Structures are given as C-alpha cells and as structure tokens.
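Here are a few notes to go with the model, meant for someone opening it for the first time. Have a look around before reading on.

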Amino acid sequence: MPGARFHVSGVVQGVFFRASTQVRARELGLAGWAKNLADGRVEVVAGGDAEAIDALERWLHRGPPGARVDAVEREPFDAPPGDGFARL
C-alpha cells in the first residue's frame, strides 16, 4: 500500500490543523496520523489509495480556516499499519 510523509509549515499549530487533517483523511479512507513537531511544523503520515493521498496533499496546501500554509514537503513513507487516522 502506498504511503507518504508530509511536513507542513506556516501557521499550522493552534488552528485545529491536526483535527481537520484527521477528518479529511478519514473521509478519504486513509490510515496514519498527524502530529505537532517541536519546530512548529505538523507532520502528516498517510497510507492508502494513491489518489486519496494526492487529494490529501492538495488539501494540506490549504488547510483549515485560520491556518496559513507556507510549504508542504512530501516524501515516500511506508504505509502505516491499521485503518485509522489519529492525532498524536
């Protein structure tokens, strides 16, 4: 199963970015997680259908209202086990 890791930078902490990402990822049927990093970025790991991962990436470039996304970096990543999407 394909997977990807994203690092999202900008104003992405304290604006419900992780919660909104969780909702969108679940809508797309993806497994994985979103977590805040100490440097102010959010890490998102997602596994599932390649088209769904691409759709999540497009969403990450916008984020929820209140967020300001400056950059989204993507790299291949082994798909996480399981079928849920968590906020860590």
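1. Helices here are DSSP runs of H or I with at least four residues, strands are runs of E with at least two, and both are numbered from the N terminus. This is a predicted model, where local features need pLDDT of at least 70 and side-chain atom pairs count only at pLDDT 80 or more, while totals for chains, interfaces and linings use all residues. Residues are numbered from 1 along each chain as its sequence is written, and side-chain values use heavy atoms, with hydrogens and water left out.

2. There is another positive phi to look at, near 65°, in phenylalanine 16, a residue other than glycine. Phenylalanine 16 sits in the loop between E1 and H1. Is it buried or exposed? Phenylalanine 16 is exposed, at 66% relative accessible area (exposed means over 50%, buried under 20%, partly exposed in between, with a 1.4 Å probe and protein chains only).

3. Now H1 itself, residues 17–27: Phe17, Thr21, Gln22 and Ala25 are buried there. They share one side of H1 because they span an arc of only 135° around the axis, taken from the directions from the helix axis to the C-beta atoms. On the face turned away from that buried side you'll find the exposed Arg26 and Glu27.

4. What covers those buried residues? The cover includes E1, strand E2 (31–36), strand E3 (42–47), helix H2 (50–60), strand E4 (68–76) and strand E5 (85–87).

5. Next, the pairing of H1 with H2. Their axes come within 10 Å and cross at roughly 150°; axes are lines fitted to C-alpha atoms, for helices over the stretch in contact, with angles from 0 to 180 degrees between N-to-C directions. H1 and H2 are therefore roughly antiparallel, a label for angles over 145 degrees. Phe17, Ser20, Thr21, Arg24 and Ala25 of H1 meet Leu56, Trp59 and Leu60 of H2, where contact means heavy atoms within 4.5 Å.

6. The largest nonpolar core has 21 residues, and Phe6, Val8, Phe17, Leu30, Val44, Leu56 and Leu60 have the most contacts inside it. Such a core is a set of buried Ala, Val, Leu, Ile, Met, Phe, Trp, Tyr and Cys residues joined through side-chain atoms within 4.5 Å. H2 gives the most to this core, five residues.

7. Serine 9 is 64 residues from glutamate 73 in sequence, yet the C-alpha atoms are 8.6 Å apart in space.

Technical notes:
Parallel < 35°, antiparallel > 145°, perpendicular 65-115°, else oblique.
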